[in-house]
Amino acid sequence: MKKLQLFSFVILFALLGNTAFAGVLRDIKGKVTDASTQQTLPGATIFIPDLKVTAITNNDGEFTIKNLPVKGTYLIEVHYIGYKTATKIVNLNAINSVEFALQPTAIETREVVITGTLISSTSKRNSASSAVLGKDQLLQPASNLIDAIAKIPGVSQITTGPSISKPVIRGLGYNRIVTLDDGIKQQGQQWGDEHGIEIDQFKSDRIEVLRGAASLMYGSDALGGVINLLEPSTAPEGQIKGELVTNYSTNNGLTANSLMLTGNENGFVWRARGTYKNAYSFKTPTGYFPNSGFNETDLSGMVGLNKSWGYTHLNVSSFKNNIGFYDPSLDASGNFVKEDGNPFLSSDFKSRTLDYPRQDIRHFKIALNNNIIIGNGNLKADFGFQQNQRRELEDGPEPSLFFDLKTYNADLKYYLHETNGWQPVFGLSADAGHSENKANEEFLIPNYDTYGLGVFAYAKKNWENNTFSIGARYDFRKNNGKQLFLEDEELFAPFQNKFSNVSGALGFTHQFNDKWNFKANAGSAFRAPNPAELGSNGVHEGTFRYEIGNPDLSPERSYQVDAALEYEGKIVSASASIYNNYVHNFIYTSNNGEIINAEGDDYPVYRYGQVNANLYGAEATLTIHPVPFIHFENTFGYVHAQNTSLNRPLAFIPAGTLRNELRFEPKIKGTNDAYLSVGINSAFKQNRVDEVFETPTSGYTLLNAGIGATFNLGKQPVRLSVSANNLLDQKYYDALSRYKPGRLSQEDPALGIYNPGRNITFGLYIPFGILK
């Protein structure tokens with residue numbers, strides 16, 4: 001409690017104390033025009049990512065951005081539908097106005113500015129392999145946050161029905177992926193199979209996915225990649241804006257509703273959002289899966305200041321999710337029953353009342369994000385506290401298993417202003433975590449404390465059509481596992497581990513011309529073993545095995561290279577990338593036939609050990625616009641993963657995927673953004689499996705379709721959409737589904753639950769604004 005009080009005091013002091021930096025206010029005016037016709041473009045959006053300020057052009061195509069710093073160099077981006085996104089790097093001390101001439105294009109260019117790397121820049125000037133989902137993509141119907149981004153090549157998901165998804169990037173998941181929300185690493189028991197991402201899927205307006213090792217930026221755990229969730233941009237000066245999102249899905253009756261309001265008054269900015277989701281059991285092509293419904297309640301808010309000294313934003317969020325759970329058992333007639341042989345309380349699979357067992361998951365987070373002009377540079381400072389509580393309720397409201405994890409984070413980066421094309425960055429990060437078991441019935445991991453510290457230096461050089469980046473980082477991590485006796489028998493032995501590591505990275509980009517671009521990276525990364533891998537001793541529910549940790553594990557160390565070639569023309573845009581990631585001391589579990597009796601049942605014993613692993617693969621995209629109203633998009637992703645120590649495939653690697661979508665985008669009077677789409681999602685066979693852990697999966701092809709448009713009711717735009725997934729109700733198992741055969745039951749390896757069948761989603765989106 002004292003730590004929390006001290007942390008709260010630091011946040012309050014920083015929020016109030018920043019007003020002391022206020023100086024002369026700086027305004028910049030500008031204009032946005034069509035480069036071909038020189039006509040002005042009203043309604044264009046101007047955004048400075050590093051300052052979190054936004055403006056909208058008026059009817060004359062003009063804009064004013066107020067409360068800017070009096071000095072510093074920043075990237076400005078401009079968006080307008082039907083035009084290429086334009087960017088400029090401007091020195092605020094040297095200009096009073098700026099103009100943008102946008103180029104019309106038939107290609108829907110993705111967001112071109114990447115902010116999740118150390119220095120915000122255009123994608124062509126950023127060597128990281130990255131992909132961005134903007135608001136339009138995030139409004140496409142999805143069951144959860146990870147489901148929304150899994151369409152990106154190289155990104156997959158481990159699913160436990162529609163309610164739980166875990167991200168996988170280039171074959172790596174769990175603690176090897178970092179998720180950033182409000183600039184803070186999300187900490188929520190990522191090591192667990194049935195532990196999802198506890199974040200409101202509607203909370204972000206933009207998501208950046210960095211594919212590949214990113215330890216230089218984020219330290220331990222960023223071995224496979226980073227998912228960076230960006231808060232919505234603040235409202236333009238003097239405006240109040242909002243949005244209403246509501247969806248209904250037929251497969252499991254999912255209703256999802258979210259309301260947001262945000263405003264800006266003379267640099268005082270604020271935002272509030274509430275989301276509620278509710279679903280009954282999901283349906284496969286062969287019937288409903290019992291007790292697989294869920295309900296989710298999310299609340300979040302932000303208050304802050306955007307002033308000439310920079311900005312400070314205080315974000316608070318609360319996530320609560322109740323998820324029905326069921327370990328499938330069948331009676332003699334093949335009907336689903338509970339483990340005790342009794343049927344479920346209700347045979348009405350459309351009931352929204354959850355039966356036991358179920359999970360009660362809660363995540364509270366408070367984050368203070370700052371960017372302050374200091375001396376000849378600016379200081380980005382992010383502070384965070386979060387509490388993750390996970391209760392597993394077997395047969396009543398009292399939890400049989402209860403994890404309570406509190407985490408404190410601090411991340412400081414000082415940016416020196418660019419000199420002769422060089423921009424250096426120096427950083428310091430620290431974190432502390434405390435996890436406690438609060439139930440007295442089931443135990444899997446010990447109580448533990450963990451501490452981390454990292455320092456880095458990074459520099460980026462821009463010249464002509466090239467960029468070069470170089471950086472190095474030192475990390476230290478300490479884990480303390482607590483001893484526990486249960487009925488005079490030691491269940492958890494105490495352990496203490498200290499790990500340190502030096503990481504490095506190089507990056508290079510070259511623009512051959514306006515159409516062709518090349519980028520490459522090489523570097524090392526590391527991941528310290530987590531307390532679950534070091535100290536587990538118990539039944540891991542949902543995996544049907546007894547896990548035993550190894551306190552003598554060494555850190556994983558990764559050596560990765562990747563390269564990409566990109567093309568963007570008037571009719572065609574395309575990209576192709578390849579990568580190789582060698583991981584020394586890759587941590588995994590294995591079984592040598594050992595069986596243990598626990599809780600009255602026999603479980604195979606899986607012990608944590610280490611091997612060497614090599615993962616390589618390719619990703620590609622091809623978008624064709626033969627005429628303005630036809631959009632043909634194709635993506636491909638494949639990863640090959642080998643346990644080189646034992647000369648066999650790594651377990652739980654996604655199958656190769658090929659996605660094709662044909663969209664018709666006609667101009668219909670009285671509507672905007674009208675479209676009709678037909679898509680085919682194909683997954684190849686996954687026969688490269690580790691037979692100790694899993695079974696092969698067959699390939700499958702799913703037919704999807706969608707239709708939508710924006711209508712104006714008076715001056716109010718309303719967007720309506722209908723989408724259908726798995727339109728032909730195809731029976732299939734995804735390679736990463738935790739319900740596929742071989743993962744559900746040790747006694748019956750043929751038992752499996754198909755992925756969800758046909759699902760039609762109706763969507764409504766209403767953006768609204770109040771101009772004061």
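Modeller: A residue counts as exposed here when its relative accessible area is over 50%. This is a predicted model, and aspartate 395 has a relative accessibility of 72%, so it falls in the exposed class. You'll find aspartate 395 in the loop that runs between strand E28 (377-393) and strand E29 (401-416). Together with Glu441, Glu599, Asp601 and Asp602, Asp395 makes up a negative surface patch.

Now for the charges that pair up. The structure has 32 salt bridges. One of them joins arginine 473 to aspartate 475, with 2.7 Å between the closest N and O atoms, and both of these residues are buried.

Another salt bridge brings together the side chains of lysine 519 and glutamate 566, at 3.7 Å from N to O. Lysine 519 sits in strand E36 (residues 516-527) and glutamate 566 in strand E39 (residues 556-568), so this pair ties together parts that are 47 residues apart in sequence. Glutamate 566 is partly exposed, at 21% relative accessibility, while lysine 519 is buried at 3%.

Then there's glutamate 694 with lysine 740, whose closest N and O atoms are 3.0 Å apart in their salt bridge. This pair also links distant parts of the chain: glutamate 694 is in the loop between strand E46 (671-683) and strand E47 (700-713), and lysine 740 is in the loop between strand E48 (716-725) and strand E49 (759-771), 46 residues apart. Glutamate 694 is buried, with a relative accessible area of 5%, and lysine 740 is buried at 0%.

Note on methods:
Residues numbered from 1 in each chain as written. Predicted model: local features only at pLDDT ≥ 70, side-chain atom pairs only at ≥ 80, totals over all residues. Heavy atoms only, no water. Patch = residues over 30% accessible without salt bridge, like charges linked within 9 Å, V, L, I, M, F, W, Y side chains within 5 Å. Areas by Shrake-Rupley, 256 points an atom, 1.4 Å probe, with all protein chains shown as cover. Salt bridge = Lys/Arg side-chain N within 4 Å of Asp/Glu carboxyl O. Lys, Arg positive; Asp, Glu negative; His and termini not counted. Charge placed at Lys NZ, Arg CZ, Asp CG, Glu CD. Helix = DSSP H or I, 4+ residues; strand = E, 2+ residues; numbered from the N terminus. Buried < 20%, exposed > 50% of the residue type's maximum accessible area, 1.4 Å probe, protein only.
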